[in-house]
Amino acid sequence: MKDFTGYFQNTKTLTFKYMVPFVFLVILLSADFLLLNDYISTNQKQATALILATNQRTLVRKIVLISTEIIKAKEEKKINRLSKQLIDLVKSLEYTHNTLTNKNKKNTISIIQSKKIQAIYYKPPHLLDLQISTLLGKAKAVAFTPPKKIFAKNKNLIYITSPAEVEKLLAGVQELIHQHQIEADELILNTKNLNSILFLLNMLVIIFIVNYVFRPLTKRIENEVKAPKEVESKLNTVMKELERSNHELEQFAYITSHDLQEPLRTIISYSQLTQELYADKLDEKGKQFLNFAVEGASRMRDLITDLLE
């Protein structure tokens, strides 16, 4: 029985040993998924930033164009219509700019700003954040100025439509788009490289598991399939040995009980004869002692008879 217990304990130990690499593989694949998911999320944010920066350039151009038309407009109705368009463009540019600079508290997308992008926004020569904020302020002033007060020499309109200011602003926006494009391409390349590295690493782990875990496990399973037959054979041998031992015990008990009953019968018989023949010569204690002897021998005979049955 000790051999069988050791066999089953060994089987459990080996099973646990073989399960460890599979658990490690699952953990590795989960880590790969989380890491790739983080990279994909970063790529999405970078793509969003690139789209917003491109849209920002379009909005700036439209604001300059509408402001130029306002300067040329002579009818009050046309000025009102253009002012409404300018208000919508200003709101769109303000939202886009605040999103790109993470100033929009309601925005659910956090745009990643590298040091180079921050330099474009907040350091010379571009100072893009200041330029866009100035443009927004002057465009709002124009949009909310009554048509009667708008004329060609309006300082805000002159600033918005100034070729030098427009060129400087668009150059900063173009540099921002260019930098976002470079960082987006770098992220895509890094993601591809990471994906290749993780793929190779996973393949190496799978090859290791197949060669050093799966194959030995297969052989172990084959041996375990054969093992029950060997166990059954050993059990049959043990059962036969037990049957033979029980049979010998029964024979021994029968012979022993038979040999024990013979002296008991003698004790009972002679005790009873003594009671009958010498009853008048024995006192009460002597008779009591003989009764005890007869009763004790009878009980012992009954016990031996019960064992045989």
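How many residues does α4 have, and how far does α4 reach from its first C-alpha to its last? This is a predicted model, where local features need pLDDT of at least 70, side-chain atom pairs count only at pLDDT 80 or more, and totals for chains, interfaces and linings use all residues. Residues are numbered from 1 along each chain as its sequence is written, and side-chain values use heavy atoms, with hydrogens and water left out.

**View A. Helix α4 from end to end.** α4 has 16 residues and reaches 22 Å, close to the 22 Å expected at 1.5 Å a residue (1.5 Å times one less than the number of residues). Helices here are DSSP runs of H or I, at least four residues, numbered from the N terminus. Buried residues (under 20% relative accessible area, 1.4 Å probe, protein chains only) in α4 include Leu128, Ile132, Leu136 and Val142. Down the axis, the buried residues of α4 fall within an arc of 165 degrees, so they line one face of the helix; the arc is taken from the directions from the helix axis to the C-beta atoms.

**View B. Where α3 meets α4.** Helix α3 (residues 115–122) packs against α4 (residues 128–143) at about 45 degrees, axes 4 Å apart. Axes are lines fitted to C-alpha atoms over the stretch in contact, and angles run from 0 to 180 degrees between N-to-C directions. Ile120, Tyr121 and Tyr122 of α3 meet Leu128, Asp129 and Leu130 of α4, with contact meaning heavy atoms within 4.5 Å.

**View C. Gln56 and its neighbours.** Gln56 sits in helix α1 (residues 2–72) and is buried, at 0% relative accessible area. Leaving out residues up to four places away in sequence, Gln56 touches, among others, Tyr121, Leu128 and Ile132.

Note on methods
Helices (H or I, at least four residues) and strands (E, at least two) are DSSP runs, numbered from the N terminus. Buried means under 20% relative accessible area, exposed over 50%, partly exposed in between (1.4 Å probe, protein chains only).
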